[in-house]
Amino acid sequence: MHGYSRLGTRGGGGGGSPPSSPRFRHGRSKSGGGGRGSKQSVMERIVLLLISAMFRRRGVLLLAPLLYISGMLLYMGSVSFDVVGIKNGVVVVHKRHPPGSVYRSPQVFEKLWPFMQAESNGSENAMMSVWNSTVHQVWKPCLHRDIPKAGLPKSNGFFIIEANGGLNQQRLSICDAVAVAGLLNATLLIPIFHLNSVWRDSSNFRDIFDEDFFIHTLRHHVNVVRELPEDILQRFDNNISNIVNLRVKAWSSPTYYLHKVLPKLMNMGAVRIAPFSNRLAHGVPSSIQGLRCLVNFEALRFSKPIKGLAEKMVDRMFKKSYQSGGKYVSVHLRFEEDMVAFSCCEYDGGEEEKREMDIARERSWRGKFRRRGRVIRPGANRVDGKCPLTPLEVGMMLRGMGFDNTTSVYVAAGKIYKAEKYMAPLKQMFPRLETKDTLATPEELSPFKGHSSRLAALDYTVCLHSEVFVTTQGGNFPHFLMGHRRYLYGGHAKTIKPDKRKLAVLFDNPKIRWEDFKRQMRDMLRHSDQKGIELRKPSGSLYTFPMPDCMCKQAEARTENSNTTRRL
């Protein structure tokens, strides 16, 4: 949803800036410019010898174009091979890995750790000046809550949806369902939650959200009921699954719903869409957008058990962050086993890791990664910024940005893959590290265990109230959080969204100098600050970009006798 400005210029030496784009990386040799010509000369002669030898045989003319193209690719350096030399008439070729394609972060950490230690305790903590205050407090919530004087018109029927996925996928489905119900003048049945094979959470709506508050907040806009009336149930043999399930394409327009869904709703009295995920277009009339805003930012409040514990956890984080005035960093860390497996990236676990990832992929996505023609390219994934950041990489990034070892850090995550190994360096860099398991007691967490969406709601709340939020892998959780934080903090997301393509190259350079690394990280932090306030584009989601649909820009006026600007 976001576009990144891939900063950085070509630099010399081991500590220089990475290439500005991965497309230009493959043709660059590790050696200096002087050795390049000799290698190309050797390769050119070899290619010419091969071509001349092949031309002595009959029928090889058909292969000439292919040989010519292959030779030119080798000659121009487009194929990543280095010619090491010729021994006993045999050409020795060594494969060259493109910059950023190999996981070398532990070696980089080993090089930079002494410099981090030297700047600990007493150095200026970035927490105190992380965001540029001059761009804050420009936007404020302005939901249009015009209440119809005559009340809601007679309902056209009952609208039933099934929300699938995790916490925020369900949240998206709920918001869009209310919007569609408002569009169709339908009565919405409290959304049914589908038991997902990946999330494996049997929670229903009232377990996660405050059902009474939801119905009450929407009472003047959309009728919401907990159960279908008896006469409607009898019409479908008391079985909701007998109600026709409409197949609606993703991102359908309001016009589609009015022309295709509304007639069936009025004819049958009830319709069902299951699953209901991403079934409404981003660009809809302002009245429909207003319903989305109202639901997401006001009506969806977590249930009392979740809200009660979450508020305690936030209060504990404030108290533990006393050295920075109650400010803390929250990190959404996506390094669970299923995420690592799905990314098809390689780290430093060798054959054991590959075997475990193959098993995990087969367990969760049977056969998907073994289909004919499916090629897994871990190096290409890393260069393209698609690999989940490890806890070590997140820690190095934050230390490079200026957050010292007195910073309180909250990690929102599921079960981290090989947590003892991968979390150790992050704790080493940030001793004041907390998770829901350290911030809450086992007794407090026991009602939520085994329910991933309820646990995610705890993480969501603690992250929502942090001074800095760090997203590492995308997905609905950070997208909804960024939008919610914009809604709360004057339009600024207060979120670090790293350029992972750039990080891949930096973490693949064990020779990088600490000063160069810090400069790159602080440039990245400044870029996140600049992108903090961003308006929704036509193809964007208001759940991530609530301006201008859900928020209004505050007017500014200057007094006649001074240059002071006041906001109205």
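## An enclosed helix

Eleven of the eleven residues of helix H14 (residues 391–401) are buried, so this helix is largely enclosed by the rest of the structure; buried here means under 20% relative accessible area, with a 1.4 Å probe and protein chains only. Helices are DSSP runs of H or I with at least four residues, numbered from the N terminus. Among the buried residues of H14 are Pro 391, Glu 393, Arg 399 and Met 401, and the helix is followed by Gly 402, whose phi is positive, near 110°.

## How to read the model

This is a predicted model, in which local features need pLDDT of at least 70 and side-chain atom pairs count only at pLDDT 80 or more, while totals for chains, interfaces and linings use all residues. Residues are numbered from 1 along each chain as its sequence is written, and side-chain values use heavy atoms, with hydrogens and water left out.

## Two nonpolar cores

A nonpolar core is a set of buried Ala, Val, Leu, Ile, Met, Phe, Trp, Tyr and Cys residues joined through side-chain atoms within 4.5 Å. The largest one has 80 residues, and Phe 159, Phe 209, Phe 214, Tyr 257, Tyr 410 and Leu 458 touch the most other members. Its largest share, eleven residues, comes from helix H4 (residues 167–184). A second, separate core of 55 residues includes Cys 345, Leu 433, Phe 507 and Ile 512.

## A buried lysine

Lys 502 lies in helix H21 (residues 500–506) and is buried, with a relative accessible area of 6%. Its side chain is joined to that of Gln 520 by a polar contact of 2.9 Å, a term for a pair of N or O atoms within 3.5 Å where, within protein, one must be able to donate a hydrogen and the other to accept it, and where residues adjacent in sequence count only if both atoms are side-chain atoms.

Conventions
Buried < 20%, exposed > 50% of the residue type's maximum accessible area, 1.4 Å probe, protein only. Helix = DSSP H or I, 4+ residues; strand = E, 2+ residues; numbered from the N terminus.
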